[in-house]
Amino acid sequence: MQKPTYGRFGGQFVPEVLMPALKELEEEYERYKKDPEFLRELNYYLTEFAGRSTPLYHARNLSKKYGTKIYLKREDLVHGGAHKLNNTIGQALLAKYMGKKRIIAETGAGQHGTATAMAGANLGFETAVYMGAKDVERQKMNVYRMELMGTKVHPVRSGSMTLKDAINEALRDWVTNVESTHYLIGSVVGPHPYPMIVRDFQSVIGTEVKQQIMEKEGRLPDSIVACAGGGSNAMGIFYPFIADTDVKLFPVEAGGCGMQVQGKTAMHSASLGAGEEGILQGARTLILQDKYGQILESTSVSAGLDYSGVGPELAYLAQTGRIQPGSVNDQEALDAFHELCRLEGIIPALESSHALAYIKKMADTGELGDLVVVSLSGRGDKDLETVLKLKAGACEEKL
Amino acid sequence: MRIAEKFQELKAKKEKALIAYVCAGDPSADATREYVHALVKGGADIVELGLPFSDPVADGPTIQAASDRALEAGMNPDTYFELAASIKEQVPLVCMTYYNLIFRRGVEKFVKDCAASGITGIIVPDLPIEEADDIVKACKAHGVDTIFMVTPVTDNDRMQKIFNKGSGFIYIVSRLGVTGTRADVAKSTKEILEKVNTTLPRAVGFGISNGKQAAEVIAAGADAVIVGSAFVNIIASQNNVDEQLEQLARELKAGCST
Ligand SMILES: Cc1ncc(COP(=O)(O)O)c(C=O)c1O
């Protein structure tokens with residue numbers, strides 16, 4: 001029997017030892033997602049712990065500048081400073097209902113790790129997070145935040161020592177401790193049922209947007225723009241609008257320092273735009289790879305977008321034309337970061353700055369229409385050090 | 001040589017099999033050819049030739065490092081098949097690699113290249129039976145076996161499906177975890193061997209590194225032991241490698257024969 005896929009994409013390309021765990025996860029999820037007690041508790045945590053719902057904020061100054069009405073979906077105001085907690089609280093609660101004692105996660109910049117640490121501490125799990133040694137060095141504050149909440153952070157020294165290697169190491173832990181442990185994956189990636197589960201937990205973003213925009217504007221937006229690394233904030237805000245085909249959906253990937261490949265490294269992270277079909281970390285999707293199928297390292301000023309793959313459902317939606325992938329480079333993202341700070345008094349995450357930069361990039365084309373919603377997936381406090389360092393320009397050192 | 005022929009030959013001699021893994025191209029293709037010779041001389045009956053992948057999720061630190069060395073030294077699927085074709089030992093060669101390299105080359109072409117270069121079995125640790133229809137079909141057409149794994153958490157239903165789909169031998173992962181050497185033999189080994197009810201030879205791997213462990217696994221009822229990381233450690237030491245490989249193979253093979 002073939003496992004559920006998104007067109008050609010998705011599937012379960014994992015070691016045999018994980019197959020029973022994936023089956024269990026799928027069955028338990030199907031059961032609890034309809035369970036009133038589970039849903040009541042999830043709603044409680046989303047409201048009282050995460051701080052939902054988040055505002056849909058009319059960015060007047062930005063709107064004026066670009067001559068179109070722009071709303072920001074304020075996921076930066078979720079506890080922890082990003083949309084990540086929507087997923088971690090959902091999965092951690094699921095793991096609790098499943099009787100697991102331990103949760104593990106991968107993290108790049110530390111946002112998903114921090115959100116996992118929050119959910120883990122609150123719900124009483126033993127929590128471990130795998131993080132590339134390079135990222136541990138670059139994101140000391142997030143490491144400390146996780147440790148404060150009782151999470152064990154394991155630096156990963158294999159491969160490129162970044163997010164992709166952290167996922168490999170988390171998978172190795174899961175293979176070893178599969179009976180006691182839930183792997184709390186941080187985006188709409190990995191083997192089925194993860195892309196579906198993470199999408200569902202993140203759909204709260206789009207569901208709120210739909211209600212809020214109807215209240216404020218009495219109609220659906222012309223377009224929705226969201227940054228895409230693995231793609232969880234993008235899938236979360238897009239999903240409730242998939243059937244509303246008049247609403248254009250734009251995932252924005254990291255163009256990094258250019259679309260070229262240098263040695264084993266792509267100078268960008270645009271798997272939807274420039275990747276090719278392959279199998280990475282459990283799923284068939286679009287990935288950055290060389291002609292033999294070895295995975296390339298990716299590049300982005302924003303650690304959360306710096307990943308060689310992308311969620312299989314996004315790959316599918318791009319292939320069918322329902323979503324239209326775009327990209328902006330490091331410098332454009334940095335400029336948008338500064339612009340939002342000055343115009344609106346909001347410091348956006350560098351990830352989210354990619355979505356903002358796309359507004360500017362597309363402003364003259366009219367493609368975005370008169371009413372635009374941007375997913376402001378996180379706040380930028382975590383990025384201040386990076387931004388300070390890059391005053392001279394985003395890519396000088398790397399090229 | 002086909003895997004079944006080898007097991008028949010061993011059966012006639014009342015021997016159990018030693019299956020040895022090395023990573024192709026670690027540290028060079030020429031060295032790998034030599035190492036395979038040493039392993040076979042020491043008593044290896046089947047050689048698993050790893051085709052290195054950038055992201056080997058089922059492997060522990062030892063084989064990860066070997067893969068990195070081999071990739072760094074320039075091993076790729078083209079040079080891999082050249083290397084395989086140049087190995088003249090009279091043992092079955094088995095390709096062990098991750099699915100993206102196969103998918104990228106094209107499943108049909110990959111399997112054809114295996115057959116043309118004398119490889120008669122394929123193991124893909126990130127390819128469960130549900131995703132394996134294409135490769136099983138191509139393998140059947142080209143006379144190559146597809147070897148699948150069973151683990152301590154595989155239930156009877158699933159085992160049956162795996163036996164039906166697999167050929168060559170059944171790879172029994174005796175413990176939860178990734179590849180790497182361990183001090184002891186997993187207690188679950190005997191238990192799982194009792195559950196593996198198949199006419200295919202039953203090979204136990206993950207964690208075996210010396211003759212004593214090999215003997216325990218054989219005593220528990222296995223038809224073969226699979227040893228990887230222990231050989232790779234010798235290769236990584238860069239110290240008297242041929243001699244040490246031959247010696248360890250001899251010790252393990254002796255363990256298989258008691
Ligand atoms: C604020 C923020 N936005 C976006 C992302 C990218 O993830 P995804 O594409 O799954 O939304 C991250 C990842 O760390 C993040 O922290």
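Guide: Helices and strands here are DSSP runs, numbered from the N terminus; a helix has at least four residues, a strand at least two. The model is predicted.

Visitor: Which elements of chain B each supply at least two residues of the lining of the second largest cavity?
Guide: The second largest cavity holds about 130 Å³ of space. Of the 16 residues that line it, Tyr171(B), Thr179(B), Val227(B), Gly228(B) and Ser229(B) are the closest to its centre. At least two lining residues each come from strand E9 (224-227) and helix H11 (229-237).

Visitor: How do the residues of that lining divide into nonpolar, polar and charged?
Guide: Gly counts as polar here, and Tyr as nonpolar. On that basis, the lining of the second largest cavity divides into 9 nonpolar, 6 polar and 1 charged.

Visitor: What volume has the largest cavity?
Guide: The structure holds 15 cavities of 30 Å³ or more. The largest of them has a volume of about 390 Å³.

Visitor: Which elements give two or more residues to the lining of the largest cavity?
Guide: Of its 31 lining residues, the closest to the centre are His83(A), Lys84(A), Gly186(A), Gly304(A) and Leu305(A). Two or more residues come from each of these chain A elements: strand E5 (102-107), helix H5 (111-123), helix H8 (163-177), helix H11 (232-238) and helix H15 (350-362).

Visitor: Where does the ligand sit?
Guide: The test is whether more than half of its atoms lie within 2 Å of the grid points of a cavity or pocket. By that test, the ligand sits in the largest cavity.

Visitor: Which side chain has an N or O atom 2.7 Å from an oxygen atom of the ligand?
Guide: Gly229(A) also lies 2.7 Å from a ligand oxygen, but through a backbone N or O atom. Asn233(A) uses a polar side-chain atom, at 2.8 Å. The side chain at 2.7 Å belongs to Ser232(A).

Visitor: How many residues of the shell around the ligand are polar?
Guide: There are 18 residues around the ligand, and Ser187(A), Gly229(A), Gly231(A), Ser232(A) and Ser377(A) come nearest. Of the shell, 5 are nonpolar and 2 charged. The polar residues number 11.

Note on methods. Residues numbered from 1 in each chain as written. Chains lettered and ligands numbered in written order. Predicted model: local features only at pLDDT ≥ 70, side-chain atom pairs only at ≥ 80, totals over all residues. Heavy atoms only, no water. 1 Å grid on protein atoms, 1.4 Å probe; cavity = no way out; pocket = protein on both sides within 12 Å on 5 of 7 lines; lining within 4 Å. Points joined across faces, edges and corners; volume = space filled by probe spheres on them. Near = heavy atom within 4 Å. Polar contact = N/O pair within 3.5 Å; in protein donor to acceptor, adjacent residues only side chain to side chain.
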